[in-house]
Amino acid sequence: MLSRVPVPHAAARKIQSMILSGELRSGEKVPSQREFALSLGVSRASLREALLTLETLGLLKTEPGRGTFVSQERPSASRNMARWRYADSYPVADVFETRIMLEGRIAGLSSQTLTEAEFQALETETDTMERNWESGDLLANVEADLEFHAIIASACPNRMIVDLYQSVRDKLTETQIQPIPITEPARMRASIAEHRRIIRALRNRDAAKATREMQNHISNTARCAGISIVSSVLNSD
């Protein structure tokens, strides 16, 4: 199985728990990185990654020259996405296009090799994703989404494609996290329904449909992020 999450989410979980419990209040400035890292028992590098993840999710906001603050409202369609953190390497549209081509192919190939235990795991992660969105646990929602895609990738019989997926996974999975602050409840419900259609196609061992369902799912996520993918990419399989 591919590693579940490519960033130190343990610290992020602790911080999110502090926000949800009210220990860190809306609008409150979080402690300095040195102080916060010591109190959480993590390295400053791990803390920085955790803070970036929570900022991408819309739970924190960094104000230049002032520090990092707890956001004053739940992420919603009225909010803006965080800055694309890999802008110096690749435009986000390029990453979405890569996901469509790569994960579409992976889904088609994996439809022939996924086991019943893996199908059950895909169902479980989709249920977990839905449940945690409703409860406001955005980090757990994202983790379930990441694991869903990782299970499918792990089953791919072409190991070179798996290695390629793993080599760029930090960029690919960031496109799953970044749209969360502007994801409306209706879009999340649609995304979860798309997961279930992907599972049905995989269970039916229908490689062509699994590919199309995965590409459609990623294309809709890109659209949520304000990015339109050209039809030639969607028809690349």
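This is a predicted model: local features need pLDDT of at least 70, side-chain atom pairs count only at pLDDT 80 or more; totals for chains, interfaces and linings use all residues.
Trainee: Which elements are included in what covers the buried residues of H5?
Mentor: A residue is buried under 20% relative accessible area, exposed over 50% and partly exposed in between (1.4 Å probe, protein chains only). In H5 the buried residues are Phe119, Leu122, Glu125, Thr126, Thr128, Met129, Asn132 and Trp133. Contact, here and below, means heavy atoms within 4.5 Å. The cover of these buried residues includes H6 and helix H9 (185-203).

Trainee: Which residue follows H5, and what is its phi?
Mentor: Directly after H5 comes Gly136, with a positive phi near 90°.

Trainee: In what order do the elements of the protein chain run from the N terminus on?
Mentor: Helices (H or I, at least four residues) and strands (E, at least two) are DSSP runs, numbered from the N terminus. The protein chain holds 11 helices and 2 strands. Their order is α-α-α-β-β-α-α-α-α-α-α-α-α.

Trainee: Are helices H4 and H8 roughly parallel or roughly perpendicular to each other?
Mentor: Axes are lines fitted to C-alpha atoms, for helices over the stretch in contact, with angles from 0 to 180 degrees between N-to-C directions. Helix H4 (residues 92-110) and helix H8 (residues 169-177) pack at about 105°, with axes 9 Å apart. Angles under 35 degrees count as roughly parallel, over 145 as roughly antiparallel, 65 to 115 as roughly perpendicular and the rest as oblique. H4 and H8 are therefore roughly perpendicular.

Trainee: How many nonpolar, polar and charged residues make the contact of H4 with H8?
Mentor: H4 contributes Val92, Val95, Phe96, Thr98, Arg99 and Leu102, and H8 contributes Lys171, Leu172, Thr175 and Gln176. Ala, Val, Leu, Ile, Met, Phe, Trp, Tyr, Cys and Pro count as nonpolar, Asp, Glu, Lys and Arg as charged, and the others, Gly among them, as polar. By class, the contact has 5 nonpolar, 3 polar and 2 charged residues.

Trainee: Which residues does Arg99 contact, leaving aside neighbours within four places in sequence?
Mentor: Arg99 lies in helix H4 and is buried, because its relative accessible area is 1%. With those neighbours left aside, the contacts of Arg99 are Gly104, His149, Leu172, Thr175, Gln176 and Ile218.

Trainee: How far is Arg169 from Arg99 in space, C-alpha to C-alpha?
Mentor: Arg169 belongs to helix H8 and counts as buried because its relative accessibility is 2%. In sequence, Arg169 and Arg99 are 70 residues apart, while in space their C-alpha distance is 9.6 Å.

Trainee: Which residues does His149 touch, not counting those up to four places away in sequence?
Mentor: His149 is part of helix H6 and counts as buried because its relative accessibility is 1%. Beyond the excluded places, His149 touches Arg99, Glu103, Tyr165, Gln176, His195, Met214 and His217.

Trainee: Is Arg205 buried or partly exposed?
Mentor: Arg205 sits in the loop between H9 and helix H10 (207-224). Its phi is near 60°, a positive value in a residue other than glycine. Because its relative accessible area is 36%, Arg205 is partly exposed.

Key
Residues are numbered from 1 along each chain as its sequence is written. Side-chain values use heavy atoms; hydrogens and water are left out.
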